Amino acid sequence: MTHPSTHSEQYPSGHPTSENMSECRHGQEKSVSDVKEKESGVRPPRILAWETTAACNLKCKHCRGSSTLNSAAGELTTTEAKKLLEQIKKTGTPIIILSGGEPLMRPDIFEIAKYGTDLGFRMTLATNGTLITEDVAQKIKAAGIQRVSISLDGREKTHDTFRCISGCFVDSMKGIENLKKAGVEFQINTTVSRFNLHELDDVHQFAKEIGAAAHHFFFLVPTGRGAELTEFEITPEEYEKSLGWLYDISKKTDLQIRPTCAPHYFRILRQNAKKEGIAVTPKTHGLDAMTKGCLGGISFGFISSIGEVNPCGYLPVSAGNVRHQSFKEIWENAKVFNDLRNYAAYKGKCGACEYKTVCGGCRARAYHETGDYMEEEPLCSYYPADY
């Protein structure tokens, strides 16, 4: 399923990904994070996507984790899952995205969610939606899950083809209706590829029609089964055009819009705002003015079902395992995290780019193409002024 995962500081996408799934954070939570940062000298995580299980009931073409119906050997137990949440609490109170696989295939998912809620986390759920019955929707609400992201890549034919299960669109829509009945807020996550590039405007209109609170667009990263979809990869030019379209609709739509795994958006936003004579401030551009593109390892992290910690779900470089080290130790000291926090060490065009502190390039794509997560983003068509 699509990871809300996103990696920005706005909502549940991935990636839900960003602090958008978060709306805005309470003042008390911000002060806790400020204290944690002052204590360690490292910015605490704002959003963590947790692959609670690798099992999934769908067979999506682009699956990051190449999920199957079976859980991975050695997934964290209920006791270990609760201990992990306690460890995370020592770094602050990030938004927790319960992801997968399909998290609703994990029998103790509501017990874990409720435990996180009781610890003071904003708990969110990233699901394909097909398993959300009326009873499940009520359990989601009772566990304190504050937003659910549902993956929809187009209308019925497009979605079912991409997800490789006939009828899953209808089942996802039933799940959405059950969430609405239970009073649970939801957002739509759409994976962007050449397969549905021509349908983005239509799927966005559909997200508005069905009452979504937000719409996050995940730009395909070639990992897992997605690595085999070379025919679905968009070109740098199509990437740029799509992000320009997102910028345009962000000014017109009532929904919160968020591109994920598309850090160039924050360059495009500033370039277009400059052309329009508009200063980029929280008043004019909301949270987009206060965040940046790739936050993997900076304020976003990913935890696998067996406890491996990565910068994001698409960058399979281990920072450590929570069975062997505390999450706090991994977050503050892992080499890969400290590398990614050092913008001065970025290479190629990204290293020379005047937008690197607001964009950063997709570190996962750089790793996939070159084996070096510090290399330049391969899908960016922009050339820095001094490069």
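These legends describe close-up views of one predicted model. Because the model is predicted, local features need pLDDT of at least 70 and side-chain atom pairs count only at pLDDT 80 or more, while totals for chains, interfaces and linings use all residues. Residues are numbered from 1 along each chain as its sequence is written, and side-chain values use heavy atoms, with hydrogens and water left out.

**View 1. Ten strands form an open sheet.** The strand order is E7-E6-E5-E4-E3-E2-E1-E8-E9-E10, and the pairing is mixed. Strands (E, at least two residues) and helices (H or I, at least four) are DSSP runs, numbered from the N terminus. Two strands pair if DSSP finds at least two bridges between them. Strand E7 (256-260) and strand E10 (320-321) are the edge strands. Each of these pairs on one side only.

**View 2. Strand E1 has partners E2 and E8.** E1 covers residues 47-51 and E2 covers residues 95-99. The two run parallel, joined by five bridges. Isoleucine 47 has isoleucine 95 in E2 as its bridge partner. Leucine 48 stands opposite isoleucine 96 in E2. Strand E8 (residues 300-303) pairs with E1 in the parallel sense over four bridges. There, glycine 301 is the bridge partner of leucine 48.
How many of the residues of E1 are buried? Five of its five are. Buried means under 20% relative accessible area, exposed means over 50%, and partly exposed lies in between (1.4 Å probe, protein chains only). In a regular strand the side chains alternate between the two faces of the sheet. One side of E1 holds Ile47, Ala49 and Glu51, and the other holds Leu48 and Trp50. Both faces are covered.

**View 3. Strand E4 pairs with E3 and with E5.** Strand E3 (residues 123-127) and E4 pair in the parallel sense over four bridges. Threonine 127 stands opposite isoleucine 150 in E4. From E3, the chain crosses through helix H4 (residues 134-142) to E4. This β-α-β crossover is right-handed: with the strands pointing away from the viewer, the path from the first strand over the helix to the second runs clockwise. Strand E5 (residues 186-192) also pairs with E4 in the parallel sense, over four bridges. Serine 149 stands opposite glutamine 187 in E5.
E4 spans residues 147-151, and five of its five residues are buried. Arg147, Ser149 and Ser151 are on one side, with Val148 and Ile150 on the other.

**View 4. Trp50 and Ile140 touch the most other members of the largest nonpolar core.** This core has 73 residues. A nonpolar core is a set of buried Ala, Val, Leu, Ile, Met, Phe, Trp, Tyr and Cys residues joined through side-chain atoms within 4.5 Å. Helix H6 (residues 168-182) gives the most to this core, with five residues. Not counting residues up to four places away in sequence, isoleucine 140 touches Phe110, Leu125, Ile132, Ile145, Val148, Leu179 and Val184. Contact means heavy atoms within 4.5 Å. Another core, of 18 residues, lies apart from the largest one. Its members include Ile249, Tyr265, Phe266 and Ala273.

**View 5. Helix H9 (residues 265-275) is mostly covered.** Eight of its eleven residues are buried. Among them are Tyr265, Phe266, Ile268 and Leu269. The cover over the buried residues of H9 includes helix H8 (236-250), E7 and H10. Just after H9, glycine 277 takes a positive phi of about 70°.

**View 6. Histidine 285 lies in helix H10 (residues 282-285).** Is histidine 285 buried or exposed? Its relative accessible area is 17%, so it counts as buried. The side chains of histidine 285 and threonine 284 are joined by a polar contact of 2.7 Å. A polar contact is a pair of N or O atoms within 3.5 Å; within protein, one must be able to donate a hydrogen and the other to accept it, and residues adjacent in sequence count only if both atoms are side-chain atoms. Leaving aside neighbours within four places in sequence, histidine 285 is in contact with residues including Tyr247, Leu269 and Ala273.

**View 7. Cysteine 380 sits in the segment after helix H14 (363-370).** Cysteine 380 counts as buried because its relative accessibility is 16%. Cysteine 380 touches Pro236, His264, Arg267 and Lys349, not counting residues up to four places away in sequence. Cysteine 350 is 30 residues apart from cysteine 380 along the chain, and their C-alpha atoms are separated by 9.2 Å.
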